[in-house]
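This report goes through some features of a single protein chain. Keep the sequence and the structure at hand while reading.

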Amino acid sequence: MSTTLDRYTNHSGGAYGVDTMGCIVGISLGFKNHNHYRPKGNPKMSRRLRQLLIPPSILSEEQLDFGRKEVNRLLGKNYQSGIVGDLQSRNYFQVANSQAVYCLSKKTGDSTISGGTNTALQLAIIMGRDAYVFDLNSFKWFVYNPEVGSLCELLETPELTYDYAIVGTRDVEDYDCRDPKTGLWSSRPQYLGKNVESKVDKALESLFLKAREAHRGNER
């Protein structure tokens, strides 16, 4: 039977860290629709998503070219075809298909965050999407306020829109990677630790639980 939760769709990227956690936490709470956009030449998603047999949403060469041009136009960049440019192009589709973007990363300025996720945040701001940040320095939610041009602290968990993008840093998941110098596999040194991972997990859980409870109230 269809439920109101079936109306929700996550538009993410299938990467390790926040992308993976947002999908897994959502599924555990009844939010089953998750699109993970991957470039045609780089379809591999994180190990846990592959284990759950979640398929990637493959972007064609034509889509990648369009998304890359839009990122360059909107942000004044000059990304070219290739691994980096294709992953930046993926950000465009995450934002374009969403009503709101939820970025979990470190806040680095009034309206910026660390890492590649900043592209998604800046696109959300320019494209007029609701833009939220869960800051891994303060462990607080922020929302971009266009009237003041900066991220402003929220006193509660934000509302989840029907089409949403949960994106963020890889550094909240402990997974092995190969050292290019030694060829040995070991835990990523960038991993922020169990405490940060737990706080991100709880923030995501609260986001989904708030949406679920809101709809239970509407169905009574």
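## Salt bridges

The structure holds ten salt bridges. The model they are taken from is a predicted one. Side chains of opposite charge can pair when their charged atoms come close.

Glu173 counts as buried because its relative accessibility is 6%, under the cut-off of 20%. Arg48, at 31% relative accessibility, counts as partly exposed.

Asp65 is partly exposed, with a relative accessible area of 29%. Arg68 has a relative accessible area of 9% and is buried.

Glu153 and Lys140 form a salt bridge too, and their closest N and O atoms are 3.6 Å apart. This pair links distant parts of the chain: Glu153 is in strand E7 (residues 150-153) and Lys140 is in strand E6 (residues 140-145), 13 residues apart. Glu153 counts as partly exposed at 42% relative accessibility, and Lys140 counts as partly exposed at 38%. Elsewhere, salt bridges that share partners join Asp65, Arg68, Lys69 and Asp86 into one network.

## Positive phi angles

Most residues other than glycine have a negative phi, and most peptide bonds are trans. Leu53 is not a glycine, yet its phi is positive, at about 60 degrees. Leu53 is found in the loop between H2 and strand E3 (57-59). Its relative accessibility is 73%, so Leu53 counts as exposed.

Phe139 is not a glycine either, and it has a positive phi of about 60 degrees. Phe139 is placed in the loop between strand E5 (130-135) and E6. At 27% relative accessibility, Phe139 counts as partly exposed.

## Helix H1

Is helix H1 mainly buried or exposed? Eight of the eleven residues of H1 (residues 18-28) are buried, so the helix is largely enclosed by the rest of the structure. The buried residues in H1 are Val18, Asp19, Thr20, Met21, Gly22, Cys23, Val25 and Gly26. After H1 comes Gly30, which has a positive phi near 100 degrees.

Strand E4 (residues 100-105) is mostly covered, with six of its six residues buried. This holds for both faces of E4: Ala100, Tyr102 and Leu104 are buried on one side, and Val101, Cys103 and Ser105 are buried on the other.

Which strands pair with E4 in the parallel sense? E5 is one of them, and six bridges are found between E4 and E5. In this pairing, Leu104 stands opposite Phe134 in E5. E4 also runs parallel to E8, to which five bridges join it. Here the bridge partner of Val101 is Ala165 in E8. Together with helix H5 (residues 117-126), E4 and E5 make a right-handed β-α-β unit.

Technical notes. Residues numbered from 1 in each chain as written. Predicted model: local features only at pLDDT ≥ 70, side-chain atom pairs only at ≥ 80, totals over all residues. Heavy atoms only, no water. Salt bridge = Lys/Arg side-chain N within 4 Å of Asp/Glu carboxyl O. Buried < 20%, exposed > 50% of the residue type's maximum accessible area, 1.4 Å probe, protein only. Helix = DSSP H or I, 4+ residues; strand = E, 2+ residues; numbered from the N terminus. Pairing = 2+ DSSP bridges. Right-handed = clockwise from strand over helix to strand, strands pointing away.
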